[in-house]
Amino acid sequence: MRIILCSHSSAYTDALLHSFSRSVEGEVVGLLRSTSVLGGPTSLRSCAGMVRRSGVFYAGYLAVVTNPILRLPHVPKWSNMSSWAQKHGAEYVETPNVNGAREIAWMEELKPDYIVSAHFNQIYKLPIIERFRDKLINLHPGKLPQFRGPDPVFHAINAGERNFTMSLHRISEQIDRGEVLAETVVTPKRKTLFRTNLKLFQQSGALFDMFVRGEGVTRLHSEPLPPYQSWPKPAEVQRFLLKGFRL
C-alpha cells in the first residue's frame, strides 16, 4: 500500500508518522508539507495575522508545536517532515497550494493508494477531490459533526468534554462533512491542548489500519449540523485559560 501524507511539520505530524510506521502495513511514499498560514504563504505578515486572529498565547502555542527550534521541555523531540522524508526515502515537496497542477501531477506520479491529510491547513478544491475522490481522506482530531474546524480539541476542552475522538473521514467539497470511516476515543490523563492532541495523533496509525481492514464505521452526518468552529478568538483563549485549562 502506497500512502501520501499532506500535513504541516509539527510534533503532531511526527507522532502520526511514528504511529503509521508501527501500525500500518504500507509505505509513506510521499510527504507534502504546507507552507501556508491563513491561506497565504508563510511570512511575517501572515504570522502577525495569526496573532491578531487568536492572540499571542495561542499563536505562541502553534509556534512551539510547529517549529523544532522553539520546542519547550514538555514537548517531546520531533523531526520535521523534510528530515523524515530524507531518513525514510520518501518523496518530499513543499507548497502553499495543494491544488496546483504541479502538486496534482506529483501525486499522480507516486500512484498512491491513499492520500492522507492530517494537521493540514489548506482546503482541497473540486479538481483534486474529483481526481482522487476514493483515495483522499482526512484524520480529524474531533468528534464529527459536533466539532468541525481547524482546532476541535480546543473547543472540546472548552466545552467540558472528558473523552476525545480521532475521526477518519472522506474529504468532500464541504469542510469536515465527508463520510466518517472510522473513529477511536481517548481519555487523556493530562487534559491540556497539547497532550490531548498528541495522544490522538499517536492513535492515528491504528485507526487507519482499522479502516483498511474493514473494521471501521461508515456514517453520514445528520442534519442540521452544529456550527463550524474556526480558529479560537483571543477572548475564547482567555476564557479557556481562566477556566484553568492549559495550552
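1. Just after helix α4, K111 has a positive phi of about 50 degrees. The model is predicted, and the phi of K111 is a value computed from it.

2. Helix α4 itself covers residues 101-110, and its buried residues are E103, I104, W106, M107 and L110. Viewed down the helix axis, these buried residues lie within an arc of 155 degrees, so they line one face of α4. The face turned away from the buried side of α4 holds the exposed residues A101, R102 and E109. "Buried" here stands for under 20% relative accessible area and "exposed" for over 50%.

3. The cover over the buried residues of α4 comes from both strands and a helix. It includes the strands β1 (2-7), β2 (27-34), β5 (91-95) and β6 (114-118), together with helix α5 (126-131).

4. One of those strands, β6, also pairs with β7, in the parallel sense and over four bridges. Within this pairing, S117 stands opposite N138 of β7.

5. Strand β7 spans residues 136-140 and is mostly covered, with five of its five residues buried. L136, N138 and H140 point one way from β7, while I137 and L139 point the other way. Strands β8 (residues 164-170) and β9 pair in the antiparallel sense, over six bridges. M166 stands opposite T184 of β9. Five of the seven residues of β9 (residues 180-186) are buried, so the strand is largely enclosed by the rest of the structure.

6. The second largest pocket holds about 240 Å³ of space. Its lining is made up of 14 residues, and Y61, L72, H74, F194 and L247 are the closest to the pocket centre. By class, the lining residues divide into eight nonpolar, three polar and three charged.

7. Which helices each supply at least two residues of the lining of the second largest pocket? They are α2 (44-66) and α7 (193-202). Helix α2 gives the most, with five residues.

Methods. Residues numbered from 1 in each chain as written. Predicted model: local features only at pLDDT ≥ 70, side-chain atom pairs only at ≥ 80, totals over all residues. Heavy atoms only, no water. 1 Å grid on protein atoms, 1.4 Å probe; cavity = no way out; pocket = protein on both sides within 12 Å on 5 of 7 lines; lining within 4 Å. Points joined across faces, edges and corners; volume = space filled by probe spheres on them. Nonpolar A, V, L, I, M, F, W, Y, C, P; charged D, E, K, R; others polar. Buried < 20%, exposed > 50% of the residue type's maximum accessible area, 1.4 Å probe, protein only. Arc of directions from axis to C-beta. Contact = heavy atoms within 4.5 Å. Pairing = 2+ DSSP bridges.
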